[in-house]
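I'm keeping a notebook while I click through this one. Here is what I looked up, entry by entry.

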Number of protein chains: 2
Amino acid sequence: MERMRRSDRLVQLSHLLLEHPATPFTLGQLGKVLGVAKSTISEDLDLVGESLAGLGLGRLESHPGAAGGVVFRPIKTKAQMQAFATNLCARLREPHRILTGGFIYMTDLIFTPEWTAEIGRTFASRFAQPAPDYVITVETKGIPLALMTARYLNRPLVVIRRDARVTEGPSVGINFLSGSTGRIQTMSLPRRAVPPGAKVLLIDDFMKAGGTARGMMDLMSEFEARVLGLGVLVETAEPARKLVRDRVALAVLDGVDEKARRVSIRPAEWVSAVE
Amino acid sequence: MERMRRSDRLVQLSHLLLEHPATPFTLGQLGKVLGVAKSTISEDLDLVGESLAGLGLGRLESHPGAAGGVVFRPIKTKAQMQAFATNLCARLREPHRILTGGFIYMTDLIFTPEWTAEIGRTFASRFAQPAPDYVITVETKGIPLALMTARYLNRPLVVIRRDARVTEGPSVGINFLSGSTGRIQTMSLPRRAVPPGAKVLLIDDFMKAGGTARGMMDLMSEFEARVLGLGVLVETAEPARKLVRDRVALAVLDGVDEKARRVSIRPAEWVSAVE
């Protein structure tokens, strides 16, 4: 293999690390890909790592020793999370988003890949440690958010269905009370999707009473999974007492004044508090 | 702003371009971010562009002139698409995937972010020109694939629901005949999700008779949208005559022999043909 120029190596290292977040690479592997000695790779990685850190893109963790290597973690700083939550709230306050019944239309925003990626990177930063084995959501609107979270954590996504599907083998279903509709609903997951003892992170787009989240928790119990955390993009201020106690929302919707065309939404306390 | 070293600039340029595919940047914008003159940026971009192309990561397109700039298109070569389709089929042939009724379990694979990203990059490469305004899918399993396609094309994702939702404003619904279940089903989309005259790319994970895809096409007619293409991850060889004629599948499932525990699946002709 032809020896690459340093600029080529820096670009390829950047690509490898950015496209494969949370993925361990040994110096041997990287040396093979780039066709240079481990010592050269070490110097290159120092440069790349400094740049990534200096630019606030995340941190490059090194593991010393014979099987030594690096892992890139695209972790946001607290200030970056705060700035993002503030931007998000500003966009969600746009009056054209107001829907009948105190809801806001946010699908266009959260399904725009640059926003989806930022939301995913925020959840991945908040729930980086301890790392989950799976990122789990329930269809439908949480899926893009959960996928991008999973991508930055380099973990598989698992999607709970709202009905039992015939095409995916034996499954476990539960019934739960949806707080917003007041009706009993169903959710199910193929038995093979999550092995017993798995550590899971739950992600959803919206929480009002918390019935759906409670259902996800109960379903995870059936799988003997350990829930490490629950991330929600937007939760309503009311009801204050929700069916799930431990959760991390990015924004809190205080209310929608349909007449005055005003949306009251703010970053959640954990993200807006000054340290 | 402190002047960055060239290595820092190369790393940051790589990051900017890789994290923002199909996004135009002017030299002025990039110069501001990096704190250097346009002429310096030009030289840096030449280096980064050569590396990206040489490494098969995509191409950096330049637009000359006063408002000149660059766009990074993470387009795969034909050989890369071919290699990926071959790998995908090898994984989908694993006997543990066989489900009752001639189906295969592929959710675990296509929901693993590294695979999802590669599938999305393949569709984005195949449907790069003419560029769609929206990437559209129908819930549920197509969503991750469509999101990653949308990400590499830098276009919003739109998800058609299988029922009418109360929380998203006025919507348009249609009924369609599902070929696999033989039943009439519903799909719907909020009126505001797709403006009249939009150019759209449809993405789905699986096609048997093509009823769902036909439904998506019909729904798009109601929105006066122009369908530029339909990408499907896996289609079945039978029935050969499907309800949608123009489609691009990545793999063709010839059959599943449940007794012999054998899956017959191969890359589609367009991707496997030698040019």
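This is a predicted model: local features need pLDDT of at least 70, side-chain atom pairs count only at pLDDT 80 or more; totals for chains, interfaces and linings use all residues.

**Entry 1: a sheet in chain B**

I started with two strands of chain B: β6 (residues 134-138) and β10 (residues 199-207) pair in the parallel sense over 3 bridges. Looking across the pair, I found Tyr134(B) opposite Val200(B) in β10(B). Next I checked what lies on the sheet, and helix α7 (residues 142-153) of chain B packs there, touching β6, β7, β10 and β11 (226-236) of chain B. The direction of α7(B) makes about 175 degrees with that of β6(B).

Then I traced the whole sheet. It is open, has 6 strands in the order β7-β6-β10-β11-β12-β13 (chain B), and its pairing is mixed. Which strands stand at the edges? They are β7 (157-160) and β13 (262-267) of chain B; each has a single partner strand, so one side of each has no neighbour in the sheet. On average, neighbouring strands here are turned by 25 degrees against each other, direction ignored. A reminder to myself: strands of a sheet pair through backbone hydrogen bonds, either parallel or antiparallel.

**Entry 2: a hairpin in chain A**

I moved to chain A for an antiparallel case. Strand β12 (residues 248-257) and strand β13 (residues 262-267) of chain A pair that way over 6 bridges. I picked out one bridge, where Asp257(A) has Arg262(A) in β13(A) as its partner. The two strands form a hairpin with 4 residues between them, and Arg261(A) in the turn has a positive phi of about 55 degrees.

On the α2(B) side I noted Leu27(B), Gly28(B), Leu30(B), Gly31(B) and Leu34(B), which meet Lys38(B), Ile41(B) and Ser42(B) in α3(B). By class, this contact has 4 nonpolar, 3 polar and 1 charged residues.

Is Leu34(B) buried or exposed? Leu34(B) is buried, because it has 21 other C-beta atoms within 10 Å and 20 or more is the cut-off. I also checked Arg5(B), 29 residues away along the chain from Leu34(B); their C-alpha atoms are separated by 9.7 Å.

**Entry 3: the cores**

The largest nonpolar core has 128 residues, and Ala251(A) and Ala251(B) have the most contacts inside it. I listed what Ala251(B) touches, leaving out residues up to four places away in sequence; among them are Ala85(B), Leu88(B), Leu233(B) and Ile265(B). A second, separate core of 32 residues includes Leu34(B) from my last entry, along with Leu52(A), Ile41(B) and Leu52(B). In soluble globular proteins, nonpolar side chains tend to be buried together.

**Entry 4: where the chains meet**

I found 42 residues of chain A in contact with 42 residues of chain B. Which element gives the largest share of the chain A side? It is α1(A), with 9 residues. By class, that side of chain A has 22 nonpolar, 13 polar and 7 charged residues.

**Entry 5: chain A as a whole**

Chain A has 9 helices and 13 strands. Its C-alpha atoms fill a box of roughly 65 × 50 × 30 Å along the principal axes. Of its 275 residues, 47% are buried.

Terms used
Residues are numbered from 1 along each chain as its sequence is written. Chains are lettered from A and ligands numbered from 1 in the order in which they are written. Two strands pair if DSSP finds at least two bridges between them. Axes are lines fitted to C-alpha atoms, for helices over the stretch in contact, and angles run from 0 to 180 degrees between N-to-C directions. Two residues are in contact if their C-beta atoms, placed from the backbone, lie within 7 Å. Ala, Val, Leu, Ile, Met, Phe, Trp, Tyr, Cys and Pro count as nonpolar, Asp, Glu, Lys and Arg as charged, and the others, Gly among them, as polar. A residue is buried if 20 or more other C-beta atoms lie within 10 Å of its own, exposed if 12 or fewer, and partly exposed in between; C-beta atoms are placed from the backbone. A nonpolar core is a set of buried Ala, Val, Leu, Ile, Met, Phe, Trp, Tyr and Cys residues joined through C-beta atoms within 7 Å.
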